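I opened this notebook to record what I looked up in one structure. The entries below follow the order of my reading.

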Amino acid sequence: MTGRIGMTKGRCECGAVAFEVRHIRETVTVCHCSQCRRTSGHLWASTHARFDDLTFTQDAGLHWYASSETAKRGFCARCGSSLFYRMNDESGIGIAAGCLDDTSALRIGKHIFVADKGDYYARPGDADVFEAG
Ligand SMILES: [Zn+2]
Ligand SMILES: [Zn+2]
């Protein structure tokens, strides 16, 4: 059972998207897939929350990109920060760990799509890989 962390705030780099989340998952998933690598510039590391627990305090910059027929990615159209990932049929939302104000209680839980990783960095230790791609 994965723990949850209480009220957490986050924002994009420029502040045109800002939000509060009542509870987030304490574990971070690091995705090495080519789509995450392109949209983030390297890896996409995210925690997760119930969408109902998310409140936008600023969403002037928020745009959604349909990255596939089944999912979309939320980003700031002003500064380009990669912020969210959401399956079209899910009740939750993936939230970029890097956009949170306080990450002190978070830890990496698993790496996914490791087989798709870039060639320029080392594969994570096998002990870290809970779900190999
Ligand atoms: Zn922004
Ligand atoms: Zn990915």
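The model I used is predicted, so local features need pLDDT of at least 70 and side-chain atom pairs count only at pLDDT 80 or more, while totals for chains, interfaces and linings use all residues. Residues are numbered from 1 along each chain as its sequence is written, chains are lettered from A and ligands numbered from 1 in the order in which they are written, and side-chain values use heavy atoms, with hydrogens and water left out.

I noted a volume of about 320 Å³ for the largest pocket, a volume being the space filled by probe spheres set on grid points joined across faces, edges and corners. Its lining holds 18 residues, and Thr29, Trp44, Ser46, Tyr85 and Ile112 lie nearest the centre. I found that β5 (27–31), α1 (34–40), β6 (44–50) and β10 (82–87) each give at least two lining residues, with the largest share, four residues, from β6. Helices (H or I, at least four residues) and strands (E, at least two) are DSSP runs, numbered from the N terminus.

I then turned to the second largest pocket, which has about 210 Å³ of space. It is lined by 15 residues, with Arg11, Ser82, Ala96, Gly98 and Cys99 nearest its centre. Here β6 and β10 are the elements that supply two or more lining residues.

**Serine 46.** I located serine 46 in strand β6. Serine 46 is buried because its relative accessibility is 10%, where buried means under 20% relative accessible area, exposed over 50% and partly exposed in between (1.4 Å probe, protein chains only). Leaving out residues up to four places away in sequence, I listed its contacts as Arg25, Thr27, Val28, Thr29, Ile95, Ala96 and Ala97; contact means heavy atoms within 4.5 Å.

Cysteine 14, in the loop between β2 (8–11) and β3 (18–21), and cysteine 76, in strand β9 (residues 71–76), are 62 residues apart, a pair that links distant parts of the chain. Cysteine 14 is partly exposed at 36% relative accessible area, whereas cysteine 76 is buried at 0%.

Definitions and conventions. 1 Å grid on protein atoms, 1.4 Å probe; cavity = no way out; pocket = protein on both sides within 12 Å on 5 of 7 lines; lining within 4 Å.
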